[in-house]
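Hi,

Here is the structure I promised to pass on. Have a look at it first, and my notes follow below.

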Amino acid sequence: MSDPAQPGATVAGDGNSIGKPQRRESFTGRGAFLIAAIGSAVGLGNIWRFPYVAYSNGGGAFIVPYLIALLTAGIPLLFLDYAVGHKFRGSPPMALRRLNKHTEAIGWWQTLICWVIVIYYAAIIAWAIRYVGFSVTKAWGDDPEGFLTGSFLHVANNVDVEFHFVPGVFWPLLILWLVVLAIMATGVEKGITRASWVFMPMLAVMFIALVIVALTLDGASTGLDALFTPAWNALGNYQVWMAAYGQIFFSLSVGFGIMVTYASYLKPKSDLTGSGLVVGFANSSFEILAGLGVFAALGFMATASGKPVSEVAGSGIGLAFIAFPQIISQAGAVGPIMGVLFFVSLVFAGITSMISLLEVVIAAFREKTGMHRVAATWVVGGVTAVASIILFPTTTGLNLLDVTDHFINNIGIVGVALLACLVITWALRKLPVLRDHLNEYSSFKVNKVWMALVGVVAPLVLLGLWITEIVTVSSKGYGGMPGNFVGIFGWGMSILVVVLAIVLSLIPWPNRSAIHHELTHEEELARANAQASQEGALS
């Protein structure tokens with residue numbers, strides 16, 4: 001009998017024991033993984049970021065660099081995340097620790113990025129929940145912008161931290177966190193998978209209905225012309241290409257641990273690259289669909305107001321909570337229907353992404369401490385919820401959210417993705433091992449081209465994005481906000497995440513063999529083969 005404390009042991013743990021290999025939670029099948037992975041990738045950014053990025057970077061011509069970015073960086077990095085998570089069977093800290101003992105800190109950097117994002121991401125979903133009701137009553141009146149910053153969020157005049165709570169945000173945010181934590185506590189199969197099977201089909205139905213309604217509005221064709229008319233000269237602008245790669249990185253959820261974690265829940269004999277292609281193209285298809293719906297609606301707004309599309313188009317919070325309410329107000333009887341469809345879509349897309357972000361954090365601390373899923377959910381998830389509820393339903397929550405979101409995405413995610421690519425490719429030279437793992441059971445085989453894309457093309461693009469952002473923000477500041485506010489919650493937060501990642505990596509595992517407390521890919525594969533052989537013999 002093998003020693004339960006050794007890596008090769010096959011004793012199943014109970015979820016509370018450290019040092020005992022245990023059967024890892026898993027998705028019930030490929031379909032469950034795909035629906036969860038697509039749910040993670042399809043988030044708020046697909047709906048409110050892609051249409052404007054495409055419009056402002058060449059319109060229809062933007063599809064060319066966008067597809068090239070998808071094929072040369074997005075999908076290759078998605079494959080990399082799948083290979084690391086599936087082979088080393090863990091969240092980012094454990095998977096990268098198993099890859100090499102010196103790379104655990106990179107995994108914690110990815111985990112803490114997810115933690116920061118989910119803290120403020122929940123607040124935006126809470127806003128969308130309230131706006132579902134506001135769409136029916138048109139509570140914003142004739143001034144959606146004034147309503148958002150004034151009557152609804154009560155944004156303080158001073159850009160500082162004030163703990164003056166806004167009840168209209170606090171209560172939906174609290175309810176949202178209770179629902180999400182309840183989902184997380186039930187595990188991968190009963191929680192994440194079932195939630196994805198509920199929310200993603202509903203999101204698809206809601207958004208397709210929204211697009212159909214938007215396309216029937218007067219002026220819809222004007223908006224679509226503005227979006228898809230190609231400005232071919234834009235292809236000679238390097239900033240357009242950088243925008244395409246940036247959109248792909250942020251949209252696909254690559255480089256900061258989500259897909260590493262989800263891939264670790266796949267069965268041993270899984271088609272990794274085939275699944276990656278499905279997720280990548282499904283995500284991009286939804287972005288094109290979002291472009292149709294959003295710009296059809298903006299075309300209507302431009303026609304109704306007598307303005308060009310360029311004056312009414314926007315992205316982010318401005319598009320969702322200012323421009324769309326204006327469209328709803330001008331659309332007559334169909335307006336409330338559009339509003340409900342749009343904001344419910346935001347809620348569904350946001351919840352599936354929020355679940356994936358939180359799962360990275362919970363999984364990482366479970367593996368490091370040996371906590372049971374339920375305990376880890378309510379302790380780690382509870383701390384996260386408290387931070388979210390304290391910071392963001394306040395009169396300074398909007399400004400804090402704006403700065404944090406910009407820095408964690410453009411400096412944090414890009415920085416950690418760049419470091420991971422360089423370390424795995426050049427310092428550890430692990431790409432051949434990961435290539436072979438991808439090819440083991442996959443339908444689409446990768447070769448030296450994939451290795452070149454991950455090891456050369458992606459790092460060069462990420463380095464360009466990272467340096468450009470750092471130089472721009474260092475020289476010009478951000479959003480006209482005070483330097484001390486940006487320094488603390490932008491630069492300070494970005495540096496603190498890195499420091500905490502290093503500290504967490506230095507904390508010893510509960511015992512010398514704790515890093516092996518779950519079965520490795522090879523052990524799970526051997527178990528699966530043995531089980532298949534036994535079933536074959538019995539039949």
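A contact, as I use the word here, means heavy atoms within 4.5 Å. This is a predicted model, so to speak of local features I need pLDDT of at least 70, side-chain atom pairs count only at pLDDT 80 or more, and totals for chains, interfaces and linings use all residues. Residues are numbered from 1 along each chain as its sequence is written, and side-chain values use heavy atoms, with hydrogens and water left out.

Let me start with Thr 193, which sits in helix α9 (residues 187-215); helices are DSSP runs of H or I, at least four residues, numbered from the N terminus. Leaving aside residues up to four places away in sequence, Thr 193 touches Phe 27, Ala 32 and Val 188. Its relative accessible area is 4%, so Thr 193 is buried (under 20%, with a 1.4 Å probe and protein chains only).

On confidence: pLDDT is the predictor's own score for each residue, from 0 to 100. The chain averages 89, and 90% of its residues reach 70 or more. Helix α6 (residues 104-137) has the highest mean, 97, and helix α22 (residues 521-538) the lowest, 60. Over residues 1-21 the pLDDT is below 50, although this stretch has 50 contacts in the model beyond near neighbours in sequence.

Last, the lining of the largest cavity: its residues split into nine nonpolar, two polar and one charged. Here Ala, Val, Leu, Ile, Met, Phe, Trp, Tyr, Cys and Pro count as nonpolar, Asp, Glu, Lys and Arg as charged, and the others, Gly among them, as polar. A cavity is a set of points on a 1 Å grid over the protein atoms alone where a 1.4 Å probe fits but cannot get out, and lining residues have an atom within 4 Å of a point.

Cheers

Note on methods:
Helix = DSSP H or I, 4+ residues; strand = E, 2+ residues; numbered from the N terminus. Buried < 20%, exposed > 50% of the residue type's maximum accessible area, 1.4 Å probe, protein only.
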